[in-house]
Amino acid sequence: MTVPEKEHQEGGGVAAMDVNEAPTAVAAGGGGEGQDFTKMSVVDTMKLYYGWLYPHDVMYKWLVYGNDSKHPHADGSYFNRREFCFTLDGDIFVRYQSFANGEDLKSAIKTRCPAKIDIGPVYNVDPQKRAAYAAGNTFAPVERELVFDIDITDYDDVRTCGKDAHICTTCWPLMATAIDVLDDALRNDFGFQHVFFVFSGRRGVHAWVCDEKARKLPDEARAAIAQYLSVYKGLEKGLPKLTTGVESHPFISRTYDVLAKVFESKVLPGQKLLEDEEQTRSILQMIPESVRDVAVSEWKKLNNEDQGDVSVARWKVIQECLKKECARYAKANPRDVRTVKLMEKSVRDVVFAYTYPRLDIEVSKKMNHLLKAPFCVHPKTGKVCVPIDPKEAWSFNPDTVCTVGQLLNELNSSEAGDTNRSYMNTGMGGAVKTFETCFLNSLLRENKEVLASRVREQGAHVSW
């Protein structure tokens, strides 16, 4: 989401709150039966959440990229040049915040209790000191993860299960498909390795690409990657605008094999696309008229009890009628190969229009774009922005994502343990483990190797 510049401010006289004055039961890590944190307002529970459950240590390990050590080749100023943006009560955006280390960031979060934390780029200088460099025009971002944003509301012309902020297990397959397609393309088409996905807390998914080569991409390269992945371009005169092409690119062909299965097994029956009058009309508009009329006629012959799901059965009729029409036309017009390919493409285009990831490419194109940090709490739902294992995306249930109130209840009833990682005594522990096993652990190994390789290049020796 783009942060409006006019609402930014550079600091704030927000009253500090000592989260160490949390209810005794939470502070002790046990007892306190009878206290139900789910009945508290999200704003009040977030104060306790950032004090006791937010994985500050894990976030710092990620964002410092190995530069927290005393290694001679570590960049001691790296983390201090990272921008953070806090959204405070009243939708006040405090941009260009920077912190010397993880403890400073932790202290600021606990004290100011932002409703949202956004992560920005790493600049060439401390962003809080940017005013000193403004005249020389030398203040500029030098690194930033490549990020993607997918919002379920962008599928409102597809969904019949709900609109706007509604999200459920019926429309979640659209998000799971987006994760599958993006994960495959980012790893296999671009060679990135350090990729992770996060539930936005309400109605979408964010993707973060953290390889060093991704972080250093200029805006032009980011825009090119975003355009490559942006196959669906919205609606034009009521019809989907796609970049599929008559001759399919290998990425398009490979992706179609994935999408076709999802479309037939999940989207068609789940959204009842060919039972809904408006959706049926939209799909038929994408099919050649000669096939359209025949298919509608054949639908009347279907026995719903024998054919199973109505939408799936009707889709099969469309495919069969198209195949016959292509064969008839090719026989009558053997030299007009292009028209046959265009007819065949019409069915593929329906699949892409209804299932391909709908990216907000503006989020991806610029290095200085902000994106919400993982493990934040959504202020309206109270749900935590938890990481998603791509291999488990299809079993992920947005309805059962842990809320801050639930986590505090779990912490309240747990036995005292490591107070620095008290979140491990709650459902947050599983979310952190997912983040570590699917992404962070391999990144930390690479960070260590990068520093060691710098030493080897100079013929020096380092002891870890």
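Predicted model: local features only at pLDDT ≥ 70, side-chain atom pairs only at ≥ 80, totals over all residues.
Here's a short tour of the structure, one selection at a time.

Residues are numbered from 1 along each chain as its sequence is written, and side-chain values use heavy atoms, with hydrogens and water left out.

**Stop 1: the sheet**

Helices (H or I, at least four residues) and strands (E, at least two) are DSSP runs, numbered from the N terminus. Select E6, E8, E7 and E12: in that order, these four strands make an open, antiparallel sheet. E6 (146–151) and E12 (387–388) are the edge strands, each with a single partner strand, so one side of each has no neighbour in the sheet. Two strands count as paired if DSSP finds at least two bridges between them. Now zoom in on E7 (residues 195–199), which pairs with E12 over two bridges in the antiparallel sense. Phe197 sits opposite Ile388 of E12.

**Stop 2: the helix across it**

**Stop 3: helix H13**

Next, pick H13 (residues 337–355). From first C-alpha to last, its 19 residues reach 28 Å, close to the 27 Å expected, where the expected span is 1.5 Å times one less than the number of residues. Where does H13 kink? The kink is centred on Ser346 and is about 30 degrees; the bend is the angle between axes fitted to the seven residues ending at a residue and the seven starting there.

Color the buried residues of H13, including Val340, Met343, Lys345 and Phe352. Buried means under 20% relative accessible area, exposed over 50%, and partly exposed in between (1.4 Å probe, protein chains only). Their cover includes H5, E9 (232–236), E10 (239–242), H8 (250–271), H9 (277–285) and H12 (310–332).

**Stop 4: helix H8**

Move to H8, which has a kink of about 45 degrees centred on Phe263. Phe263 is also one of the buried residues of H8, along with others including Tyr256 and Leu259. H5, H7 (219–229), H12 and H13 are among what covers them.

Note on methods:
Contact = heavy atoms within 4.5 Å.
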